[in-house]
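Please find below some notes to read alongside the model.

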Amino acid sequence: MFAVYAESFSPDDPLSGLAVGERPDPEAPDDWVTVQVKAASLNHHDLWSLRGVGLREDSLPMILGCDAAGLDENGDEVVVHAVISDPAWSGDETLDPRRSLLSEKHQGTFADQVVVPRRNVVAKPASLSFEEAACLPTAWLTAYRMLFTRGGLKPGDSVLVQGAGGGVATALIALGRAGGLRVFATSRDDAKRKRALELGAHEVVESGERLPQKVDAVMETVGRATWSHSIRSLRPGGTIVTSGATSGPKLDDAELTRIFFLQLSVVGSTMGTRDELASLVELLDVSGVRPVIDQVLPMEQARDGFAAMAGGDVFGKIVFTR
Ligand SMILES: NC(=O)c1ccc[n+]([C@@H]2O[C@H](COP(=O)([O-])OP(=O)(O)OC[C@H]3O[C@@H](n4cnc5c(N)ncnc54)[C@H](OP(=O)(O)O)[C@@H]3O)[C@@H](O)[C@H]2O)c1
């Protein structure tokens with residue numbers, strides 16, 4: 001079958017290990033389903049994989065991609081949940097120490113077909129296109145859990161979203177607005193700040209600029225470049241929810257003094273459960289909120305999408321179609 005896969009790693013030149021071509025058809029073990037992929041979306045995770053983060057050398061070649069929407073064996077329209085937990089695990093899949101994301105241990109979604117455990121598919125409502133549905137399993141699910149589960153935010157609360165243009169960040173802004181939050185966002189880029197306002201942010205500022213008020217929570221996916229500003233933007237007792245470190249995980253200053261003196265909470269968040277994915281799908285179905293899509297490309301042109309993400313000039317999600 002056709003597939004987009006990693007054949008080697010390079011920390012400095014991730015696209016050098018990207019291959020587009022043929023891979024063997026997958027075989028579904030008992031209780032797994034084969035999904036015919038109609039659309040898949042790109043995540044920063046796929047670039048990390050090509051840099052050799054989270055993927056072992058002996059797993060190569062590995063088909064990339066965590067997210068997909070497509071057709072199951074009955075022809076039903078489904079969204080794929082990317083968190084594969086151990087068959088013996090029950091409860092919150094993201095807490096299973098043996099969990100993996102599609103494309104880490106099991107072949108990913110940038111292909112004609114992907115196989116996943118039967119419980120890893122969620123029905124796709126007709127109101128969502130395959131392209132829109134393919135944006136949900138990683139970036140949008142991560143945003144949903146950050147805001148409403150790990151962040152515990154309620155209508156009327158205030159939130160800062162760092163790095164407005166990212167896949168997770170655009171989801172945080174749109175979902176935060178839909179959830180009745182007062183949404184602030186930062187971006188280094190003026191055009192992205194304008195788009196963040198159109199997307200639902202109440203106010204935007206340049207990265208690092210002081211906010212007009214302190215916020216209840218900050219959603220962090222940027223890491224080193226924005227950490228201090230995030231901590232300094234919180235009200236006493238506020239919460240920083242971190243799920244990524246695009247600019248690097250090593251902090252110049254962890255701001256420990258502020259964290260204990262202002263009694264701040266630092267909360268980690270990763271992906272989301274199957275039930276949270278089902279709730280997110282429902283939220284989009286009833287609210288009309290839709291993922292922001294930067295560009296849709298045929299999967300054969302995946303390299304262009306990877307290059308755009310590596311260059312950082314993206315607002316929202318990059319989607320590949322079959
Ligand atoms: N833990 C999880 O489950 C999980 C799930 C999904 C994603 N993640 C992680 O979350 C991060 C974001 O993922 P994504 O797919 O949304 O990536 P993305 O689309 O590539 O996000 C890039 C955004 O990060 C901001 N950024 C990058 N470098 C920056 C810098 N030096 N200073 C300030 N802002 C910077 C940019 O914002 P502006 O250009 O607007 O300033 C950019 O729009 C990644 O590190 C990813 O691995 C984790």
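**Notes on the predicted model**

1. The structure holds 17 salt bridges, a salt bridge being a side-chain nitrogen of Lys or Arg within 4 Å of a carboxyl oxygen of Asp or Glu. The model is a predicted one, in which local features need pLDDT of at least 70 and side-chain atom pairs count only at pLDDT 80 or more, while totals for chains, interfaces and linings use all residues. Residues are numbered from 1 along each chain as its sequence is written, and side-chain values use heavy atoms, with hydrogens and water left out.

2. Among these pairs, Lys317 forms a salt bridge with Asp67, with 4.0 Å between the closest N and O atoms. Lys317 belongs to strand E18 (residues 317-321) and Asp67 to the loop between strand E4 (62-63) and strand E5 (69-71), so the pair ties together parts that are 250 residues apart in sequence. Helices (H or I, at least four residues) and strands (E, at least two) are DSSP runs, numbered from the N terminus. Lys317 counts as buried at 2% relative accessibility, and Asp67 is buried with a relative accessible area of 0%; here buried means under 20% relative accessible area, exposed over 50%, and partly exposed in between (1.4 Å probe, protein chains only).

3. Glu93 forms a salt bridge with Arg119, where the closest N and O atoms are 2.3 Å apart. Glu93 lies in the loop between strand E7 (83-84) and strand E8 (100-101), and Arg119 in the loop between strand E9 (113-117) and strand E10 (121-123), so this pair ties together parts that are 26 residues apart in sequence. Glu93 is buried, with a relative accessible area of 4%, whereas Arg119, at 45% relative accessibility, counts as partly exposed.

4. The side chains of Asp58 and Arg56 also meet in a salt bridge (3.2 Å, N to O), and here both Asp58 and Arg56 are exposed. A network of salt bridges links Asp190, Arg193, Lys194 and Glu206.

5. Which residues of helix H5 (residues 190-199) are buried? They are Lys192, Arg193 and Ala196, and they lie on the same side of H5 because they cover an arc of only 105° around the axis, the arc being that of the directions from the helix axis to the C-beta atoms. The buried residues of H5 pack against helix H4 (167-178), strand E12 (182-187) and strand E13 (203-206), contact meaning heavy atoms within 4.5 Å.

6. The two ends of H5 can be inspected as well. At the start of H5, a side-chain oxygen of Asp189 comes to within 3.3 Å of the backbone nitrogen of Ala191. After H5 comes Gly200, whose phi is positive, near 135°.

7. Ser49, found in helix H1 (residues 44-50), counts as buried at 1% relative accessibility; leaving aside its neighbours within four places in sequence, Ser49 is in contact with Phe9, Leu55 and Leu64. Ser158, in strand E11 (residues 158-161), is buried with a relative accessible area of 5%. With its neighbours within four places in sequence again left aside, the contacts of Ser158 include Leu153, Arg182, Phe184 and Gln213.

8. Lastly, Phe261 has its place in helix H7 (residues 256-261) and, at 65% relative accessibility, counts as exposed.

Notes
A polar contact is a pair of N or O atoms within 3.5 Å; within protein, one must be able to donate a hydrogen and the other to accept it, and residues adjacent in sequence count only if both atoms are side-chain atoms.
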